Amino acid sequence: MSQRTYNQLWADAQSELSCLLEEELPAEPRRPEKDRVVFFQRLAMLFVRYTQVFRQLENAYDLVVHPQKRRFIHSALESVMGRVLELKNEMVEKEFSEYHYMDDVLHDLKLIPADLEIPIPRYFHSERSKEVQQRKAMLTDILKMAEVAETPEPVMAKKMSQEEAVKIIQVAERARQGRERAKFNMKNLNMNTVYRIEEPGAESAESAAVRIQKVWKGYVQRKRTKMAREEEMIFLGMNMDPKYEEPRPAETTAQAIEASTRVKQTEHEEAYQKATVDVMNQLRDVEGDDMSKSMKVQIQQWFTECRNATGTFPDYPDEEDGGSALIFAEKTPQQLLEEFAAKEEEEANANAKAKGKGKEEKKEKGKSGKRKEEEEVEEAGLTMLPSAFLLDLEVESKIYADFWHNRSEYGNFNQMHDPELIKEEKRKVIEAEIRVKVDEQMRHELAEWKLSVDKDKGGKTKANAKKKKGSKSGKKKKKEKDLTADRTLQSLCQELVEQGLLKQTQNVQLQDFLGDFSYLGTTLRQHDIEPMPSLSDVRQVLSLYAVLPLGSQVVHEKAPLIKSVLLVGPTGVGKKMLVHAVCHETGACLFDLSPLNTAGKYPGKSGLAMMLHMVFKVARLMQPSVIWIEDAEKMFYRKIPKEEKELDPKRLKKDLPKFLKLIKGEDRVLIVGTTRDPHSAEIKSLCKMFSKILLIPRPDYGSRRILWKQLIRKHGGEGTEALDLSSLAKISDGYTPGHIVQVIQSVLTKHRVFQQATRPLTAAEFIAPLAQIDPVFQEEEEALKSWYAKTPLGKKRSKAASGKEEEEAAKDKNTKKKGKK
C-alpha cells in the first residue's frame, strides 16, 4: 500500500477518536447510572471502539515514513493504549471478573472475534532491537565464561553375578535362534511360490488384462469422485481453494514493499536527526544573542515596574518554579506580587484558619446534613473513574484537527521532514537553555540592585531565602542504602548469571499460545453460570496486564499500576511459556526467584538482603524486567513437607513483599508467579503478594482443534482427509497443550514425516501415545475454580451473582440514615 493509504488510515482513526472524545467529554457531565448492566454495556462499547482505534494507529505508525508524523502518531498511540487499560480496569471493578464476554457488542458493531484481539505494537521490538541483541550477547558471553569444562567420567565395568551373566547370554542366544528360524521360514515360502507359478496361457493373459482394467478404472473413478467432492466443498465454502493457500504474486510484492518502506523509515529518521542538529546549531548562532538580549530587557523592565508599583524589588523565582518563565506569563507585576504574598499568608496563617474552620464546620454540619443526604440519594449510582489520558487525547485531537488534518503535502512525495516544524520545536528548547543562563546573570544583577538601592531590605530577604532553603533541604526523604555502590552493572549481571538468577528468554511469541475465542461466555452468564475462560481470553488479558505496560514507559507511569500477576493452572497449560512470551514481546530481562532456584544461595539474612537488592537493582537498571517465581505456592506454604524443609522455600515470604512496595510507576518491573497447587498455600498472604490472579483452564474443543492442526503442521505433518482433527479434538478432552505437544513429538519422527507422501497421517496413530498420559480431570479444574472463588475478586463476583452486594449496600445506606437521625 502507498503512503496515501496509511495517511488515510491515520485520518480514519483520528476521526473515530474525536467521536469517542465527544462521547466521553460531553458539555454537561453524565448522571450516575443506576443499572449496572447498562453501565457495563457502555464500558464494553467504549473498550471495543478504542481497541479498533488502537489497531488502526498501530498499523499506521508501523508503516508511515514521515518522521514528524510518526512522532505524533506515537504519542496518540500511547494515550489510546493507556485509555484501553483504564477501561479494562474499570470493567474489572464493575463486573468483578478478569474475563469479559462481549459477543453482543461485536454483533452490534458488525465485527468478528479476531477484531477484539489486542495487538502488540511492533515498535516494541523494532526500536529496541539493538539493545536486546546486546543484552543477549552479554548473557551468552557470561554463560560461556561460567561454563566449566566437565571431564568425562571413565567407563567402569559393572560387577554382576553369575546368574545375571547366564540370563544375558540366554536372551542373546534365543534372539539369535529366532532370527535364524525366521530366515529359514522365508526361504521355504519363496520356494513354494516358485513351484506354484505355471506357464502363462491364453486364459491367464485374458484374466490378467481384465484385472488390470478393473484396477485402473477403479483408480480413475476414485480420483474423479475425490476431485468432485473437493470442488463441492470449495463451492460450499467448507474448504479453502488451493490457489489461495499458496502465496500469490500480489502478496509477495506487498511484503517486498513493506520491507522497502521500513528501510525508508530508517533513512528518513537519520536525515531528520541530522537536520535537527543542524537547525539547533543554526538557531544558536543566528537567534541566540537576540533571545538573550530580549529576555534581559524584559526582566529588567519587570524589575523597574515592580519597584515603581510597590516600592521594593521583587524576589527572583527559583529554578524549580520555572525561573523567569513565570515573569513572561500573561500577568501584571502587581498580580505576581499578590500571588507571592498570598502564598506567604497561607503558610503563615494555616494553623489559625484550621482552628476557625473547625468551629464553622460544626455549625454548618447540622444545616447541610439534610441537603447532603438528599443529594447522595439522588446521585447514587455508577460513574466513570477519572482518566489520566483523556486530556492528552483531547489535546492531540485538537493539534491534529488544527495542523495535520488540512495540511497540504502537494510537493512532499517522498514524505521527508519539514524544516520549519523543526525550527518551531527546537526554538523552544534553545529558549529554555538560554533562559537558564540568563536567570543566573539576572539573579546577580538583582542582588546588586538591591544592595545599591535597598540595602536593609536586601539583607532581610537574603536571610529569609537562606531559611527557606534550609527548610526545603530538611524535608528531603532518606535515600535507600545501596549495598553495591562500588560495583559495576557488568559485574552484578555476571554474578547473577553465574548463580542462575538471571536467565536467557526463549524465542516464543504470545501468538504461539494458541486458543480459540469463547463463543458461549455471554450465553452462560445470562443463565447465571460462570464460564471458564478460553485460552484466547488468557492471552488477551496477559497482553493488557503485562505486555503493554512493560513495553511503554508512558503507559506504565500513567495507567493503573500492576506490580504482580499470578498464573494459576494445571501442569502443561503453558504458564512458563507465557512468562517467556511476555519477556520476548517486550525485550525484558528474566530473573528467576523461584524457591527451588534460590535454595542454598546467599544464606543468612544478610545474604538474602543482598540477593534481593542485587536482583531489583539490576532489574531497574535493565528495565523492562520480569521477576519469575515458579511454584509460588511454596513461598506461602501452610505446612512445609518434610522433604522440602531443608530447601527453606518460605525464606522470601517476608522480604519480597517489602521490595514489591518499592516498585513505582517509573520502574517497569513486573513480578510473575506461576502455581499448579494453590490449595497448599495461605490464600491471604498469596493474594496480598499478587494483585492480579489469572486462572488458566484446560483447552476447550475449539482450542484443541486449533492446537492439533497448528502443532502438527509446525512439526512437519501434513493435514489430509485421512487425518480427522475433529475426532482428535473430541478424544483429547482434558488434555493440556503440553500433553498434545508431547504426543505429536513422539509420533512425528523424521522417518514418519518422510513417509507421509505414501502413507498419510491418521488420527489413530495419536491415540495410543495419548492414552499413556493421564489427563487433567474435571474434578481438578473444579477444585481450582472453587479456590479462585475464595480470592478477593472471586468473592466479589459470587456476591454480585447472588445479589448480596446490592442488599449489603442498601443496608449500609439505611444504617447511615438511622445513625444520622
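## Two terms to start

Contact means that heavy atoms lie within 4.5 Å. A residue is buried when its relative accessible area is under 20%, exposed when over 50%, and partly exposed in between (1.4 Å probe, protein chains only).

This is a predicted model, where local features need pLDDT of at least 70, side-chain atom pairs count only at pLDDT 80 or more, and totals for chains, interfaces and linings use all residues. Residues are numbered from 1 along each chain as its sequence is written, and side-chain values use heavy atoms, with hydrogens and water left out.

## Helix α1

Let's begin with α1, residues 3-24. Helices (H or I, at least four residues) and strands (E, at least two) are DSSP runs, numbered from the N terminus. Among the buried residues of α1 are Y6, W10, L17 and L21. The buried residues pack against α2 (36-63), α3 (67-95), α10 (249-310) and α13 (390-404).

## The sheet

Now look for six strands forming an open sheet, in the order β1-β3-β4-β5-β2-β6, with mixed pairing. Two strands pair if DSSP finds at least two bridges between them. At the edges, β1 (502-503) and β6 (692-695) each pair on one side only.

Strands β3 (residues 589-592) and β4 (residues 625-630) run parallel, paired over four bridges. Here D592 stands opposite W628 in β4.

## Helix α29

Which residues of α29 (residues 764-771) are buried? They are F766, P769 and L770. The face turned away from the buried side carries the exposed A764 and A771.

Definitions and conventions. Expected span 1.5 Å × (residues − 1).
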